[in-house]
Amino acid sequence: MQQQLNTPEELRAIRQAMDEGKNPLVATDVPRWEDQVGISRIVNRRVLEFEVLPTPAQVLGELPLSEKAQEIVAYSRDEIRACLYGQDDRLLVIVGPCSVHDPAAALDYARRLAGLKDELGGELLIVMRVYFEKPRTTVGWKGLINDPDIAGSCNIKKGLLLARHTLLGVLDEGLAAATEFLEPTSPQYISDAVSWGAIGARNTESQVHRQLASGLSMPIGFKNATDGSIKPAADSCFAAAFEHHFLSINLDGRVISAETKGNPDCHLVLRGSSHGPNCDAASVAQALVDLKGSKASGPSEHGLIIDAAHGNCGKDEVREAEVVEDVAARIASGEQGILGIMMESFLKAGNQKPAPLSQLEYGKSITDACVPWERTDQLLHTLADAVTARRNLTK
């Protein structure tokens, strides 16, 4: 039986009853599906509303990938794999805003980054960070998909369409995109436009996210746990490489039993921890030893990625730039095992508190502080010079 949707008037009555501390199932005359089938005392007692969203197939049909975009996604995934397996000696650089809150500003950033991608393409494989979902330690803004108006309205339909439109815009600039996968359903709406994915520190031990990674069509970076432990991420790389069976949805929005073949391209990302940074040479060397002793294979046999943000810089954009410079110097001196680097960067330095878009400063993050564009330009050139220096050591 299909659930009936409540009218706005009925929803207001339900909310008023809850505000008054009453049980809306008995304090109002609102008809509910639960009442009709006789389980109103048991289920959905804390649910206000079910909004029907368009299916993934409908969204992909409305906002399809062009042939050019499909080509960028396909070859950039292959290029990323080549860097992760040591077949391409360029440095993988995943750079962009901590999170996208203003699609116009994100595309402004993309246009600037596209120019550097072409200029530095011989040394760096640049992929733009385009994040739409933000895990929260307690509560807070959950990202563009969940709350695109940054006002608590949580218009998820609008957020999904905005997210996909933004990805298409990034691809139109000739850039590959990277994102973090948080919700297990949202990838059906956007993953075809993504070339590299991350599973965050809070989810690196999650069976749901290991299963998700096993079926994704791009390389996936698992970050070390928030306490700094490498083992959960290494175990995730191992587990995600296997076949899995689990509940999911298909492009038509139907609940399905999904069977995946496994993802052999999962790898470790060092992002610091609650105890401090783990991006120094000694920490990287120890992580490589731990990876070698783990069951993880594939890219883990060749190296790892360093996230210069988060715990590695204390969420300080000035310190983050210094971390990038330090890593560049070590690459130039021949340090092995650093396959890529991540950096949080936006048009302006620092961050600001979340608020509706009209109240915000253009081009400044509303989540973690970001390195400004001018400094980012300098750092990318520094990293490119480091790759050149590393190449000269082997001549």
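Colleague: Which residue in E8 is the bridge partner of lysine 223?

Modeller: The model is a predicted one. Within E8, the bridge partner of lysine 223 is valine 269.

Colleague: In what order do the 8 strands close into a barrel?

Modeller: The pairing in this barrel is parallel. Neighbouring strands of the sheet are turned against each other by 30 degrees on average, direction ignored. The order of the strands is E1-E2-E3-E4-E5-E8-E9-E10.

Colleague: What angle does the direction of helix H9 make with that of E5?

Modeller: Helix H9, residues 207-215, packs on the sheet. The strands touched by H9 are E4 (196-199), E5 and E8. The direction of H9 makes with that of E5 an angle of about 160 degrees.

Colleague: Is serine 191 buried or exposed?

Modeller: Serine 191 is found in the loop between helix H8 (187-190) and E4. Not counting residues up to four places away in sequence, serine 191 touches Arg77, Phe181, Leu216 and Met218. The relative accessible area of serine 191 is 18%, and the cut-off for burial is under 20%. Therefore serine 191 is buried.

Colleague: Which backbone oxygen does the side chain of serine 191 reach?

Modeller: The distance is 2.8 Å, and a polar contact requires a pair of N or O atoms within 3.5 Å. The oxygen reached by the side chain of serine 191 belongs to the backbone of proline 187.

Colleague: What span does helix H5 reach from its first C-alpha to its last?

Modeller: Helix H5 comprises residues 67-84, which makes 18 residues. Among its buried residues are Ile72, Val73, Ser76, Arg77 and Ile80. Just after H5, glycine 86 takes a positive phi of about 75 degrees. At 1.5 Å a residue the expected span is 26 Å, and the span that H5 reaches is close to it, at 26 Å.

Conventions: Residues numbered from 1 in each chain as written. Predicted model: local features only at pLDDT ≥ 70, side-chain atom pairs only at ≥ 80, totals over all residues. Heavy atoms only, no water. Helix = DSSP H or I, 4+ residues; strand = E, 2+ residues; numbered from the N terminus. Expected span 1.5 Å × (residues − 1). Buried < 20%, exposed > 50% of the residue type's maximum accessible area, 1.4 Å probe, protein only. Pairing = 2+ DSSP bridges. Axes fitted to C-alpha atoms, helices over the stretch in contact; angles between N-to-C directions. Contact = heavy atoms within 4.5 Å. Polar contact = N/O pair within 3.5 Å; in protein donor to acceptor, adjacent residues only side chain to side chain.
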